[in-house]
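Here is a quick tour of one protein model, written for someone opening it for the first time. Have a look before reading on.

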Amino acid sequence: MKKTNQANALKRTARIYECCLWMITVLAFIAAAVIAVPKIAGIHPYIILSSSMEPTIPTGSLVFVNTRNRQAAENDIVTFTMSNGKDDVTVTHRIVEVTKDGFVTKGDNNEVEDLNLLTMDKIIGTYAASIPYAGYVISKLSRKAMLVAAVWLFGLHAFCFVLNAVVDDNCDPHQSARDPTWIQNKLRNSLKKRKGETDKTFGI
């Protein structure tokens, strides 16, 4: 009875672990999709580094800019390039006035308008949406960090596969899981079963 209770407890632990792991995996895929999928439609993400557009767009927000729509009007928020004297910087501000020579822009939180008029050739795109403070997270994720995270996630799924094989409902409760031969047999059977499921083909 004691061994049966221990086996059931291990099974529950394995199921909880698997559910949590899949939740993390789904969230990771959603986060990646939020960045990658909109680019197909020409919507590119940018990180807001200053407070010039608060409270409309908080510092550290991830904004999505529609690069296929560069037609702007008064009160539109646009992302554009601006010269700071040495280099061009990317800015997201609101158009407060339209003149025959260009657009007058200003940050919602700024007291004065931008010094230079904005012309159409400097506009990257129009503001589509934003996720507050998400830019802080994205800015910390280098390619190396994402690769390490992917490797860890793969390793956790591999461990989950082994754990499920060990606590499979069809395992013999009278045989010790510490027996290497038993573990090898369970893994072999599990692989065969999963391979059979993978090989199924459905007509569409």
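This is a predicted model: local features need pLDDT of at least 70, side-chain atom pairs count only at pLDDT 80 or more; totals for chains, interfaces and linings use all residues.

Residues are numbered from 1 along each chain as its sequence is written, and side-chain values use heavy atoms, with hydrogens and water left out.

Let's start with the backbone. Most residues other than glycine have a negative phi, and most peptide bonds are trans. E54 and P55, though, are joined by a cis peptide bond, with omega about 0 degrees. P55 sits in the loop between strand 1 (43–47) and strand 2 (62–66). Helices (H or I, at least four residues) and strands (E, at least two) are DSSP runs, numbered from the N terminus.

Now for the surface. V26, L27, I30, V34 and I131 make a nonpolar patch of about 400 Å². Patch residues have over 30% relative accessible area (Shrake-Rupley, 1.4 Å probe, only the protein chains shown count as cover) and no salt bridge (a Lys or Arg side-chain nitrogen within 4 Å of an Asp or Glu carboxyl oxygen); nonpolar side chains (Val, Leu, Ile, Met, Phe, Trp, Tyr) are joined within 5 Å, like charges within 9 Å. Helix 1 (residues 2–40) gives the largest share, four residues.

I30 is in helix 1. I30 has a relative accessible area of 46%, so it counts as partly exposed, between buried (under 20%) and exposed (over 50%).

Note on methods. Buried means under 20% relative accessible area, exposed over 50%, partly exposed in between (1.4 Å probe, protein chains only).
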